[in-house]
Amino acid sequence: MESRRPDGLPDRLRHYIGGELVDSLSGATFEVLDPITNQPYLTAAAGRAEDVDRAVAAARAAFTDGPWPGMVPRQRAAILTKIADLVAAQDQRLAELETYDTGLPITQALGQAQRAAENFRFFADLIVAQSDDTFQVPGRQLNYVHRKPVGVAGLITPWNTPFMLESWKLAPALAAGCTVILKPAEFTPLSAGLWAEIFTEAGVPHGVFNLVNGLGEEAGDALVTHPDVPLISFTGESATGQTIFSRAAPRLKGLSMELGGKSPAVVFADADLDAAIDSTLFGVFSLNGERCTAGSRILIERTVYDEFCTRYAERAGKIIVGDPTDPATEVGTLVHPEHCAKVLGFIEQGRSEGRLLAGGGRPPGLEQGNFVAPTVFADVGPEAKIFTEEIFGPVVTLTPFDTEEEALTLANAVRYGLAAYLWTRDLERGHTFAHRVEAGMVWLNSHNVRDLRTPFGGIKASGLGQEGGYRSLDFYSHQQAVHVSLGPVHTPRFGARS
Ligand code: NAD
């Protein structure tokens, strides 16, 4: 299959530092592959410590000397809203670039572009409506929270939905008044190149937004260890999160970590089975299965297990895999040959750990590129690697259970705790199970539909801290307590005795 190259594609990406597009000081570059041919189509500047130093200096100057942190919320909100409008106005273009770079199906990439615009609109609204606490001790004290941006925030993002996930960090960081350095994933740097133009057109002052492309171990690490970057918001693998945690520890940085997942979808016999099948198919196979909140372990009550397996596998076998730019495509191509090999390795492993019901490797006729057929394994036990490890591809396990307790044990049997999806018509069971399941987020009778005001984040190996709504703004802000005395304060008079 030939890739459909979008018009006007750049063949070179540079950093964006202090309002200028620049190459790496060393001249180093790295190549980016098109995920259908796996041929390099783009060269990007590979940032190293000295480039990060430059970006931090620009961001620091914009923070200490520029207008951004001190603007009244309405001013910043107006610029953020303009960013949202500019993103929304080019959603088709964005989707085209994102699809070309990541292999995501075009219809889903379009949804992600629209969500990116919404993220900016949401945080613009939030800062205008924001209030902070005051506490009174009648006649004695008035105490209030003085909120101020922390400083230069380092934002490190993954490749699965690059532009949207970048917006999920950029919007609250900028809304809070921080200046930022974005380090996008090296597999997919293309769409991040659009931010510079969008921010400039929206009126973001130079130096407030900076972009350094590069490898995680170089540019990412330089950001994590930089003394003038007090905050790191990271989304990526749990193992990378552990490395960043240890590298940031000597400087006691603020960290927000959105990490991996292996989320259960629990289907009880009383569920609306039609809806559960639709939703759990979408929940794991959308975004090519490269979705942190994928419900990739489906636990099914035994009385409906056989029916569920048969119907689920039949539908999975009919999912349209193919050209990501075709609007009919439901699963496109995985992002990179290395990742594809990893997913195919899990599928081979799965052959001895479960009963293959659908897929099982490359789809027929798509031998080139990173295509993987939606793959379903049934009868998978909790010891299996394909049950415990995050695969991050179009692979799902089906496991039966007999009792609610057994379902809970299975649901909690992995080291991750990002999301859980529960399917039951029994409201009491839905709530009590939700409270006991080890997951940062639970959806009852639904796949992942976000309300941006709610906390987003995982527990256990899935993350540290939560973003979403005011929690995101809190991460990027200091909440200073100012205590004002309203009268004489009782003070023991040290040294006043004769
Ligand atoms: P990754 O951890 O390999 O890379 C993520 C980012 O970290 C990239 O920009 C990379 O360059 C950078 N990086 C790598 N090593 C680094 C280091 N030593 N220091 C600093 N930065 C470093 O993750 P990925 O493969 O790009 O993304 C997939 C993972 O992301 C999956 O585990 C998925 O579950 C997770 N994810 C989580 C969420 C969430 O919200 N919880 C959302 C999307 C993706």
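Me: Which residue of β19 does V267 stand opposite?

Reply: This is a predicted model, in which local features need pLDDT of at least 70 and side-chain atom pairs count only at pLDDT 80 or more, while totals for chains, interfaces and linings use all residues. Residues are numbered from 1 along each chain as its sequence is written, and side-chain values use heavy atoms, with hydrogens and water left out. Strands are DSSP runs of E with at least two residues, helices are runs of H or I with at least four, and both are numbered from the N terminus; two strands pair if DSSP finds at least two bridges between them. β13 and β19 pair in the parallel sense over three bridges, and the residue of β19 that stands opposite V267 is W423.

Me: In β20, what is the bridge partner of L422?

Reply: Strand β19 also pairs with β20, in the parallel sense and over four bridges. Within β20, the bridge partner of L422 is L444.

Me: How many of the five residues of strand β19 are buried?

Reply: A residue is called buried under 20% relative accessible area, exposed over 50%, and partly exposed in between, using a 1.4 Å probe and protein chains only. A419, Y421 and W423 point one way from β19, whereas A420 and L422 point the other way, and all are buried. Strand β19, residues 419-423, is therefore largely enclosed by the rest of the structure, and the number of its residues that are buried is five of the five.

Me: Which are the edge strands of the open sheet formed by seven strands?

Reply: The seven strands of this open sheet follow the order β15-β16-β17-β14-β13-β19-β20, with mixed pairing. An edge strand here pairs on one side only, and the two that do so are β15 (355-358) and β20 (441-444).

Me: Which residue in β14 does A265 stand opposite?

Reply: Strand β13 (residues 264-267) and strand β14 (residues 297-301) run parallel and are joined by four bridges. Across this pairing, the residue in β14 that stands opposite A265 is I298.

Me: Within what arc do the buried residues of α11 fall, seen down its axis?

Reply: The buried residues in α11 are H339, C340, V343, F346, I347 and G350. The arc is taken from the directions that run from the helix axis to the C-beta atoms. Because an α-helix has 3.6 residues a turn, residues three or four places apart point the same way. In α11 the buried residues line one face of the helix, so the arc within which they fall is 120 degrees.

Me: How far apart are the end C-alpha atoms of helix α11?

Reply: The expected span of a helix is 1.5 Å times one less than its number of residues. Helix α11 (residues 337-350) has 14 residues and should therefore span 20 Å, and the distance between its end C-alpha atoms agrees, at 20 Å.

Me: How many disulfides does the rule give?

Reply: A disulfide is a pair of cysteine sulfur atoms within 2.5 Å. Among the cysteines, C340 is buried because its relative accessibility is 2%, while C292 is partly exposed because its relative accessible area is 23%. By the sulfur distance rule, the count of disulfides is zero.

Me: Is Y144 buried or partly exposed?

Reply: Y144 lies in strand β7 (residues 141-149). Leaving aside residues up to four places away in sequence, Y144 touches D133, T134, Q480, A481, V482 and V484, where contact means heavy atoms within 4.5 Å. Because its relative accessible area is 33%, Y144 is partly exposed.
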